[in-house]
Amino acid sequence: MPQIRPITDLRNTTEISELCHARQEPVFITKNGYGDLVIMSMEAYEELLDTLAADRAILEAEAQLAAGGQLIDAQEGLAALRRKHFGR
């Protein structure tokens with residue numbers, strides 16, 4: 001269940017920091033009863049960015065395939081890269 005805290009809780013930065021690090025997920029901050037901010041640890045943020053990058057790469061690959069891109073066997077592709085870059 002997500003943590004939802006009022007903006008006044010930001011006065012206790014140590015508690016909010018500890019909560020973000022302990023849960024490794026965003027903490028939602030409300031102002032006047034409405035969503036206002038999202039706070040998370042750097043580790044959770046970096047994981048989110050990594051996931052976003054992977055999702056974007058998958059979407060790009062799917063778009064290339066839909067546009068007539070060619071599929072190749074993974075082992076053959078890796079072998080071709082090794083030959084090209086390492087002469088093996």
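The model is predicted: local features need pLDDT of at least 70, side-chain atom pairs count only at pLDDT 80 or more, and totals for chains, interfaces and linings use all residues. Residues are numbered from 1 along each chain as its sequence is written, and side-chain values use heavy atoms, with hydrogens and water left out.

Across the whole structure, a search finds 3 salt bridges, a salt bridge being a side-chain nitrogen of Lys or Arg within 4 Å of a carboxyl oxygen of Asp or Glu. Glu-15 takes part in one of them, with Arg-5 as its partner and 2.5 Å between the closest N and O atoms. Arg-5 lies in strand β1 (residues 3–6) and Glu-15 in helix α1 (residues 13–23), so this pair ties together parts that are 10 residues apart in sequence. Helices (H or I, at least four residues) and strands (E, at least two) are DSSP runs, numbered from the N terminus. Arg-5 counts as buried at 15% relative accessibility. The side chain of Arg-5 also meets that of Asp-9 in a salt bridge (2.8 Å, N to O), and Asp-9, at 23% relative accessibility, counts as partly exposed.

A further salt bridge joins the side chains of Glu-25 and Arg-23 (2.8 Å, N to O). Salt bridges that share partners join Arg-5, Asp-9 and Glu-15 into one network. Glu-25 is partly exposed, with a relative accessible area of 27%, and Arg-23 is likewise partly exposed, at 30% relative accessibility.

Ser-41 lies in the loop between β3 (34–39) and α2. With a relative accessible area of 3%, Ser-41 is buried. Its side chain is joined to that of Gln-24 by a polar contact of 3.3 Å; such a contact is a pair of N or O atoms within 3.5 Å, where within protein one must be able to donate a hydrogen and the other to accept it, and residues adjacent in sequence count only if both atoms are side-chain atoms.

Glu-43, Glu-46, Glu-47 and Asp-50 form a negative surface patch. Patches are made of residues with over 30% relative accessible area and no salt bridge, like charges being joined within 9 Å and nonpolar side chains (Val, Leu, Ile, Met, Phe, Trp, Tyr) within 5 Å. Asp-50 is found in helix α2 (residues 42–66) and counts as exposed at 54% relative accessibility.

Definitions and conventions: Accessible areas come from the Shrake-Rupley method with a 1.4 Å probe; for residues, only the protein chains shown count as cover. Lys and Arg count as positive and Asp and Glu as negative; His and the chain ends are not counted. The place of a charge is taken as NZ of Lys, CZ of Arg, CG of Asp or CD of Glu. Buried means under 20% relative accessible area, exposed over 50%, partly exposed in between (1.4 Å probe, protein chains only).
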